[in-house]
Amino acid sequence: MKHTTGKSYPSDVTDAEWEFLLPYLSLMREDVPQRAYSLRDQFNAMRYVVKTGIQWDFLPHEMPPWRAVYQQMRRWFEAGVFEEIAQDLRLMVRLLEGRDEQPTAVIMDARTLQSTPESGGRAGYDGAKKKKGSKANIAVDTLGNLLAVYITAANEQDRDQVAILSQRVQEVTGSNVEIAYVDQGYTGAAAAEQAEASSIRLQVIKHTETKRGFVLLPRRWVVERTFGWLSRFRRLARDYERLTVTLTNFHWLAFLTILLAKIYRQSQ
């Protein structure tokens with residue numbers, strides 16, 4: 001098994017973080033003959049790609065070959081480990097903040113990622129944002145921790161994704177959520193009925209009057225902050241992915257990175 005021996009990067013995991021991650025990422029023993037590169041080196045390479053936005057074949061030479069990293073990444077995608085890690089870290093963060101393990105309230109929203117040639121046929125035109133691309137529909141708890149993410153074309157309406165987000169939220173919280181806060185893009189009986197089917201009450205937060213520029217809305221700012229956190233990962237600044245599964249899992253990889261930092265790097 002080959003290990004990188006060159007310089008480290010800010011996106012590399014610490015020893016403490018790796019000790020936590022390894023049980024999730026070990027789909028087979030580290031010392032099996034067919035493993036040519038260490039899991040830690042491959043995971044670090046993935047985090048480097050997501051954080052810097054670099055193209056796969058531009059990975060630094062001291063990292064494992066990009067094809068080996070990509071193949072291992074797809075194995076982890078199929079096993080769902082990135083979301084599993086993020087969900088478990090979310091519970092830890094909530095407990096450290098003195099909250100109950102599972103939230104009773106969530107916030108839903110969507111953001112449009114500008115398309116690139118790689119995103120191809122998935123891209124749609126978002127008339128409100130005047131942008132062609134893909135839309136990341138997400139649900140977060142009141143601390144801003146990611147609970148669910150669902151990728152659609154940008155022309156899909158936010159309110160039409162309420163059913164999927166609500167179902168997923170209840171799956172990961174043990175049906176603990178009672179209310180979801182949303183913006184005016186989710187107005188209407190259809191969206192409320194979709195949420196109600198999962199025993200969630202939809203509450204639309206509206207502007208009290210017409211205003212120009214940025215307005216900080218009660219509760220709604222939490223999800224905007226989450227989008228801000230995610231946008232600091234350059235691979236998520238635009239839709240650079242050919243496959244929807246990659247874009248989805250890169251959201252989970254980015255967020256587990258955020259949560260690991262909250263737990264293990266609070267002193268930095």
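What follows is a set of questions about terms, each answered by setting a value against its definition.

Colleague: What should I know before reading the values?

Modeller: This is a predicted model, in which local features need pLDDT of at least 70 and side-chain atom pairs count only at pLDDT 80 or more, while totals for chains, interfaces and linings use all residues. Residues are numbered from 1 along each chain as its sequence is written, and side-chain values use heavy atoms, with hydrogens and water left out.

Colleague: What is the mean pLDDT of the chain?

Modeller: The mean is 90, and 89% of the residues reach 70 or more; pLDDT is the predictor's confidence in each residue, from 0 to 100.

Colleague: How many helices and strands does the chain have?

Modeller: There are eight helices and six strands. These are DSSP runs numbered from the N terminus, with at least four residues of H or I for a helix and at least two of E for a strand. Along the sequence the pattern reads α-α-α-α-β-β-β-β-α-β-α-β-α-α.

Colleague: Why is Ser-166 called buried?

Modeller: Buried means under 20% relative accessible area, exposed over 50%, and partly exposed in between, with a 1.4 Å probe and protein chains only. Ser-166 has 0% relative accessibility, so Ser-166 counts as buried. This residue lies in helix H5 (residues 162-173). Of the 268 residues of the chain, 51% count as buried.

Colleague: What does Ser-166 touch, not counting residues up to four places away in sequence?

Modeller: Ser-166 touches Met-108, Ala-195, Ser-198 and Ile-200, where contact means heavy atoms within 4.5 Å.

Colleague: What makes Glu-17 and Arg-47 a salt bridge?

Modeller: The definition asks for a side-chain nitrogen of Lys or Arg within 4 Å of a carboxyl oxygen of Asp or Glu. For Glu-17 and Arg-47 the N to O distance is 3.8 Å, so the pair meets the cut-off of the definition. The pair links distant parts of the chain, with Glu-17 in helix H1 (residues 15-25) and Arg-47 in helix H2 (residues 39-52), 30 residues apart. Both Glu-17 and Arg-47 are buried.

Colleague: Which residue forms a salt bridge with Arg-94?

Modeller: Arg-94 pairs with Asp-141, their closest N and O atoms being 3.1 Å apart. Arg-94 lies in helix H4 (residues 81-96) and Asp-141 in strand E3 (residues 131-141), so the bridge ties together parts 47 residues apart in sequence. Both residues, Arg-94 and Asp-141, are buried.

Colleague: How many salt bridges does the structure hold?

Modeller: The structure holds eight. One of them joins Glu-241 and Arg-235, with closest N and O atoms 2.6 Å apart. Glu-83, Arg-168 and Glu-171 are linked in a network of salt bridges.

Colleague: What makes a group of residues a nonpolar core?

Modeller: The members are buried Ala, Val, Leu, Ile, Met, Phe, Trp, Tyr and Cys residues joined through side-chain atoms within 4.5 Å. In soluble globular proteins, nonpolar side chains tend to be buried together. The largest core here has 57 residues, of which Leu-21, Leu-25, Phe-43, Phe-82 and Leu-256 touch the most other members. Helix H8 (residues 244-264) gives the largest share of this core, 11 residues. A second, separate core of 18 residues includes Val-106, Leu-147, Ala-191 and Ile-200.
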